[in-house]
Amino acid sequence: MKIMQEFSDKTAISLSMLCLVHCLVLPSFLVILSGYFTLSYENELVHYLLLLIAVPVSLYALINGARNHSNFIYLVSGITGIISLIFAVTMGVELWDESGEIVFTSFGASLVAFSHYKNYKLCREVECDSCH
């Protein structure tokens, strides 16, 4: 159980960071290279694929962490981050343009990564059968 819990937390942190990099760095990179070649960055499929992978992994790790340690604060904060990510992908651009999507994605991905990090640390600190 320990290996799966740690793996899912680490994977979820990595996916959150991937969302942040995709959201913050890739547009700047494309602007810099726009004189060299043309890319279609308007494809929303990437955002939906990231969510399709990130949401189940995050929920699995956060729910197991809450169940194993009876500490629900990181589950709540992680779910808040996931909701923010879903909102960013589905409604962010329509309501607040690109900047709204960036703000909600950054907030959500940071909150999810923080929640998984704390979940991971809690699992390392607590002596229980499910983690050690």
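In which helix does H69 lie? I looked this up and found H69 in helix α2.

**Entry 1: the model and its conventions**

I noted that this is a predicted model, in which local features need pLDDT of at least 70 and side-chain atom pairs count only at pLDDT 80 or more, whereas totals for chains, interfaces and linings use all residues. Residues are numbered from 1 along each chain as its sequence is written, and side-chain values use heavy atoms, with hydrogens and water left out.

**Entry 2: the chain as a whole**

I recorded 3 helices and 0 strands for the chain. Helices (H or I, at least four residues) and strands (E, at least two) are DSSP runs, numbered from the N terminus. Along the sequence the pattern reads α-α-α.

I then looked up burial. Of the 132 residues in the chain, 41% are buried. Buried means under 20% relative accessible area, exposed means over 50%, and partly exposed lies in between (1.4 Å probe, protein chains only).

The accessible surface of the chain is about 7700 Å², and carbon and sulfur atoms hold 70% of that surface. Accessible areas come from the Shrake-Rupley method with a 1.4 Å probe; for residues, only the protein chains shown count as cover.

I also looked up contacts, meaning heavy atoms within 4.5 Å. Among contacts in the chain with a separation of 6 or more, 74% join residues 24 or more positions apart.

Helix α2 covers residues 45-69, which is 25 residues. From its first C-alpha to its last it reaches 36 Å, close to the 36 Å expected at 1.5 Å a residue. The expected span is 1.5 Å times one less than the number of residues.

I listed buried residues of α2, among them L50, L51, A54, V55, S58, A61 and L62. An α-helix has 3.6 residues a turn, so residues three or four places apart point the same way.

H69 counts as buried because its relative accessibility is 14%. H69 and N119 are 50 residues apart in sequence, yet 9.3 Å apart in space, C-alpha to C-alpha.

Where does S70 lie? I found S70 in the loop between α2 and α3. Phi of S70 is near 50 degrees, which is a positive value in a residue other than glycine. S70 counts as exposed because its relative accessibility is 59%.

**Entry 3: a nonpolar patch**

Which residues make the nonpolar surface patch of about 400 Å²? I found L45, L49, L52 and I53. Patches are made of residues with over 30% relative accessible area and no salt bridge; like charges are joined within 9 Å, and nonpolar side chains (Val, Leu, Ile, Met, Phe, Trp, Tyr) within 5 Å. A salt bridge is a side-chain nitrogen of Lys or Arg within 4 Å of a carboxyl oxygen of Asp or Glu.

I53 lies in helix α2. Its relative accessible area is 47%, so I53 is partly exposed.

Helix α1 spans residues 2-33 and includes V21. I found S16 in helix α1 as well.

Is S16 buried or exposed? S16 is buried, because its relative accessible area is 3%. Not counting residues up to four places away in sequence, S16 touches A109, V112 and A113. The C-alpha atoms of S16 and A113 are separated by 5.7 Å, although the two residues are 97 residues apart along the chain.

V21 counts as partly exposed, at 46% relative accessibility. V21 and S106 are 85 residues apart in sequence and 9.3 Å apart in space, C-alpha to C-alpha.

**Entry 4: helix α3**

I located Y120 in helix α3, residues 73-125. H116 has its place in helix α3 too.

H116 counts as buried because its relative accessibility is 0%. Leaving aside neighbours within four places in sequence, H116 is in contact with D9, A12, I13, S58, A61 and L62.

Y120 is buried, with a relative accessible area of 16%. With neighbours within four places again left aside, Y120 is in contact with E6, D9 and K10. Y120 and I13 are 107 residues apart in sequence and 9.9 Å apart in space, C-alpha to C-alpha.

**Entry 5: aromatic rings**

How many aromatic pairs does the structure hold? I found 1 aromatic pair. F87 and F104 form this pair, which is edge-to-face, with 4.8 Å centre to centre and 70 degrees between the planes. Rings of Phe, Tyr and Trp (its six-membered ring) pair if their centres lie within 6.5 Å; planes under 30 degrees apart count as stacked, over 60 as edge-to-face and the rest as tilted.

F87 is partly exposed, with a relative accessible area of 26%, and F104 counts as partly exposed at 25%.
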